[in-house]
Amino acid sequence: MERAVRELWAESRDLLGLASPSPDATASAVPRADLPPTPLAFLRDHVSPGRPLLISAAATRHWPAASLWPTASYLTDALRSTTVSLHLTPDGRADALAPHPQPEPEPEPERRPGSSSSKCFASAHVRRVDFPTAVGLIRGSDPDAGLVAYAQQQDDCLRGEYAAVAGDVDAHVPWASEALGCLPEAVNLWIGNAHSVTSFHKDHYDNIYVVVSGEKHFLLLPPTEHHRLYVRDYPAAHYVVTGKDAEVEHQLSLRLEMEEPHRMVPWSSVDPYPASPEEMAEQASSFPLYFDGPAPIRCTVRAGEMLYLPSMWFHHVSQSPGPNGLTIAVNYWYDMQFDINYAYFNFLRSLEIDDSWGKGGDLEGDLEEKND
């Protein structure tokens, strides 16, 4: 079974033109276009096969945001009286796995690496503040101080909270809207600094991601490589404010609290950038399908550039700030088509990972025998 799945990984990358030139080489880059594609070319070459595309800054040169937003004060002045949703974590990792605040002992024979007894799915504390305060907290974010702020409300926030500056960018991406046959379901604004990291996940949207200031660094895996991320169920938790300084933003203290009622969240167990050599060794041993498999596809999106990320692609995102100390991005979410490809993905996802996968076990294991 493992051999068949590994062949699927290689074949799908070959068909997408994303295979490594040699077994020891880094995966080839995402295809790049100097100019936006025509709707027909975009549909034929990228939407239909589910193939990412990076487009140069020529695609956004006409946006007022391209010159205005990277400046030190434009957004702060334009949004001075606007209240926004700010996501706060101790370390910049929201919607990610964190140590369970009250881990339950689990019998050793039943323990699986990254199991839900030792980890939980942690969501940020969301605080409503005025925009100048939000920017100050983002610029001053520091994991060593236990507080990292990120403006990243994913609810069509550019056309909601940030409506005052929504006209600085296109309302939609015309060639994408024509190819996909619809307008975007949501347009979101993201403002952070180098400390905010988004863990591996997938979205049920076709995504046009545009960086306006700074850079975004993506690790990408096609949907066919689902098993490499060891998606498991983790109990949900969220950060809450503690202590007497709860009303003073710059002195907030956060702690993790389990959600009630109890809720489980399926999430990737893999951290591609562990904090220490010891954690790296544990990750590599626990999740060999990721660390010993094909190199993830790497893509850096610079200011002005657009990344088309097809629905269901797994992505991990880190970022570097621009001269203004901020990383600013806009993304357009277009509803995915729930077609036969979705059925194929669900079938692949239903295949259970055997603990021997990637560890020298029987590569010819038979699914029917396993299910008997």
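This is a predicted model: local features need pLDDT of at least 70, side-chain atom pairs count only at pLDDT 80 or more; totals for chains, interfaces and linings use all residues.
Start with the chain as a whole. The protein chain has 372 residues, and 49% of them are buried. Its secondary structure comes to 10 helices and 19 strands. Now the contacts. Take those between residues at least 6 apart in sequence: 81% of them join residues at least 24 apart.

Next, the core. Nonpolar side chains tend to be buried together in soluble globular proteins. Here the largest nonpolar core holds 56 residues. Which of them touch the most other members? Trp69, Leu158, Tyr162, Ile208 and Tyr332 do. By element, helix H5, residues 131-139, gives this core its largest share, 5 residues. There is also a second, separate core, with 18 residues. Tyr150, Val211, Trp313 and Ala329 are among them.

Stay with Leu158 for a moment. Set aside its neighbours within four places in sequence. What is left in contact with Leu158? The list is Trp69, Ala163, Val165, Ala166, Val169, Val187, Asn188, Leu189 and Val330. Keep Trp69 in mind. Trp69 is one of the core residues that touch the most other members, and we will meet Trp69 again at the cavity.

On to charges. Side chains of opposite charge can pair when their charged atoms come close. The count here is 11 salt bridges. I will pick out a few.

First pick: Arg128 and Glu161. Their closest N and O atoms are 2.5 Å apart. Arg128 sits in strand E7, residues 125-130. Glu161 sits in the loop between strand E8, 148-150, and helix H6, 174-180. The two are 33 residues apart in sequence, so this pair ties together separate parts of the chain. Are these two residues buried or exposed? Arg128 is partly exposed, at 49% relative accessibility. Glu161 has a relative accessible area of 18%, so Glu161 counts as buried.

Glu259 is buried, at 17% relative accessible area. Arg263 is partly exposed, at 38%.

Arg159 is partly exposed, with a relative accessible area of 40%.

Salt bridges link Arg13, Glu225 and Arg228.

Now the strands. Strands of a sheet pair through backbone hydrogen bonds, either parallel or antiparallel.

Strand E12, residues 215-221, runs antiparallel to E16, and 6 bridges join them. As an example, Phe218 has Cys299 in E16 as its bridge partner.

Another antiparallel pair is strand E13, residues 232-242, with E15, joined by 4 bridges. There, the bridge partner of Asp233 in E15 is Pro266. In a regular strand the side chains alternate between the two faces of the sheet. So what are the two faces of strand E15, residues 264-267? Val265 and Trp267 make the covered face. Met264 and Pro266 make the uncovered one.

Last topic: empty space. A probe the size of a water molecule, rolled over the atoms, shows where space is left. How many cavities of 30 Å³ or more are there? The structure holds 1. The largest cavity has about 50 Å³ of space. Its lining includes Trp69, Thr71, Ser73, Val135, Arg139 and Ile328. Helix H4, 74-78, and H5 each supply at least two lining residues. H5 is also the helix with the largest share of the main core.

The largest pocket has a volume of about 800 Å³. It is lined by 30 residues. Which are the closest to its centre? Ser48, Pro49, Gly50, Pro223 and Asn341. Helix H1, 2-16, helix H2, 39-47, H6 and helix H9, 340-350, each supply at least two residues.

Note on methods. Residues are numbered from 1 along each chain as its sequence is written. Side-chain values use heavy atoms; hydrogens and water are left out. A nonpolar core is a set of buried Ala, Val, Leu, Ile, Met, Phe, Trp, Tyr and Cys residues joined through side-chain atoms within 4.5 Å. Buried means under 20% relative accessible area, exposed over 50%, partly exposed in between (1.4 Å probe, protein chains only). Contact means heavy atoms within 4.5 Å. A salt bridge is a side-chain nitrogen of Lys or Arg within 4 Å of a carboxyl oxygen of Asp or Glu. Two strands pair if DSSP finds at least two bridges between them. On a 1 Å grid over the protein atoms alone, a cavity is a set of points where a 1.4 Å probe fits but cannot get out, and a pocket is an open set with protein on both sides within 12 Å along at least five of seven lines; lining residues have an atom within 4 Å of a point. Grid points are joined across faces, edges and corners, and a volume is the space filled by probe spheres set on the points.
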